[in-house]
Amino acid sequence: MNSSMLTRWTISLCIHHRNHSREQSRLDKRVLIILLVLIKEYIYHTAIKPVEQAYKYKELRQHEVSGQTGRPLVADSNAEIASKPMVLFLGPWSVGKSTMINYLLGLHDTPQELYTGAEPTTSEYTVIMHGEKVRTIEGIVMAADSSRSFSPLEKFGQGFLEKLIGIEMPHKLLERVTLVDTPGIIENRKQQERGYPYNEVCQWFIDRADLIFLVFDPTKLDVGLELEMLFRQMKGRESQIRIILNKADNLATQDLMRVYGALFWSMAPLINVTEPPRVYVSSFWPREYATDTIQDLFMKEEISLLEDLNQVIENQLENKIAFVRQHAIRVRVHALLVDRYLQTYYEKLGWFADPDEVFHDIAADPDRFYIFKSVLAKANVSKFDLPEPEVYKDFFGVNPVSGFKRLESQCGWTGGCLLQKIEKAIGEELPDLLSTEEKPKAEEKPQGEEKPKNRWRRQ
């Protein structure tokens, strides 16, 4: 079996719905939709959103569940909570990102094939989605459509929307996942030359990606300022990062080993975690592997990557719950910080004190008043997850502290207390949703269809 045939077989084996009947697939989809609506309409709207509004969370942080433009999550919208898993492709120019997407979707030599070449070819953000027919959607249309999860991208301006393209096509894989191709990193290009805030746009996609493929080829391992900034932006998302050493069959085995070591040497200062990201070494294109290369390893690496992708798709519900819970934790921490600022303000405000001067002293040096330390003790979070004090100095510069109420006063006879409701969502309601999903029983494999064992797969 040649490499192209094997990969087509593994894509069908690992990605498509081979273990479910049509009726079972429809049932699973209905259950998933019900749970996502429950998260969105009940937990988010009743427990999280009220705290966001009361303490103006949207004005502090741009990472949020609904659109930053103020559009609400309505019952029939497919905003971020109900969106499909997103796989983001990042990396230097001409390393094979678009080619890899073409390969996964079988688009080579078809009219839908993404353009590729040795020169920098992708200058747009291309979102590949499922649709009943093949069509291209302009970025300005995608951002204006409130039924999609891309409406917040309007804030990056017209210059960016002109670089945003959506492609819809009927495909089994796209029924379950959305793929995003990005412009290649060019280290000698200044940010302003792109015409939009490149790093901020990347941050938006990074924050929403379920899986991040960081693609390199053996000739482009150098780390410049733009790539270094991307790694800083991915801090805290290391578990979603997969490093792809593409075009591996262009090298002899001994040279490939040296390049593999050089890749880790380049990445080590940028990834500050005890366990490095998973690295896949192969050539993700439809042509045959070069002769006199370690073809068996490349095939197994390919299978392992596809299994990894399939795992993300299968864990869609868990990932969405984790996303909403992480968001709720951020909102809760923000509310506790505002409450602590407010408490300190009233304690220090005397009869003859100037209110502006009192709060200016607090905002200028919050550590002197134990603002963050007291919240750390109460909220049980890491200090690395807290915003910088400068963020709150800016926040209160446009939102006077006197415009907020203490958390203890945010209670009603029928609705309960805001803090209690969001803590219940974090500690009970969202984790309990995981137990409602039954894990499918493993089915016996048909005779003659043996799945290759993969000893590199992390258990």
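# A walk through the fold

Let's start at helix 14: its buried residues pack against helix 11 (316–348), helix 12 (355–364) and helix 13 (371–379). Contact here means heavy atoms within 4.5 Å, and buried means under 20% relative accessible area, with exposed over 50% and partly exposed in between (1.4 Å probe, protein chains only). Helices (H or I, at least four residues) and strands (E, at least two) are DSSP runs, numbered from the N terminus. Before going on, keep in mind that this is a predicted model, in which local features need pLDDT of at least 70 and side-chain atom pairs count only at pLDDT 80 or more, while totals for chains, interfaces and linings use all residues. Residues are numbered from 1 along each chain as its sequence is written, and side-chain values use heavy atoms, with hydrogens and water left out.

Back to helix 14, which spans residues 389–398 and has Tyr392, Phe395 and Phe396 buried. Seen down the axis of helix 14, the buried residues fall within an arc of 90°, so they line one face of the helix; the arc is that of the directions from the helix axis to the C-beta atoms. Asp394, Gly397 and Val398 are exposed on the other side of helix 14.

Now zoom out for a moment. The chain's secondary structure comes to 15 helices and ten strands, and 49% of its 459 residues count as buried. Take the contacts between residues at least 6 apart in sequence: 79% of them join residues at least 24 apart.

Two strands pair if DSSP finds at least two bridges between them.

Five of the five residues of strand 1 are buried, so it is largely enclosed by the rest of the structure. Both of its faces are covered, with Met86, Leu88 and Leu90 buried on one side and Val87 and Phe89 on the other. Strand 1 pairs in the parallel sense with strand 5 (residues 178–181) over four bridges, and phenylalanine 89 stands opposite aspartate 181 in strand 5. With strand 6, strand 1 again pairs in the parallel sense over four bridges; here valine 87 stands opposite leucine 211. Elsewhere in the sheet, strand 2 and strand 4 (residues 164–169) make a parallel pair over six bridges, where methionine 129 has glutamate 168 of strand 4 as its bridge partner.

What about the nonpolar cores? A nonpolar core is a set of buried Ala, Val, Leu, Ile, Met, Phe, Trp, Tyr and Cys residues joined through side-chain atoms within 4.5 Å. The largest one has 49 residues, and those with the most contacts inside it are Tyr125, Phe150, Phe160 and Phe205. Helix 7 (residues 198–208) gives this core its largest share, six residues. Leaving out residues up to four places away in sequence, phenylalanine 160 touches Tyr125, Leu153, Tyr196, Val201 and Phe205. Apart from this core lies another, of 45 residues, among them Ile48, Ala335, Ile422 and Leu430.

Finally, the cysteines. A disulfide is a pair of cysteine sulfur atoms within 2.5 Å, and by this rule the count comes to one. Cysteine 411 and cysteine 417 form the link, with their sulfur atoms 1.9 Å apart. The link is right-handed, with 110° about the S-S bond. Cysteine 411 counts as partly exposed at 39% relative accessibility, whereas cysteine 417 counts as buried at 18%.
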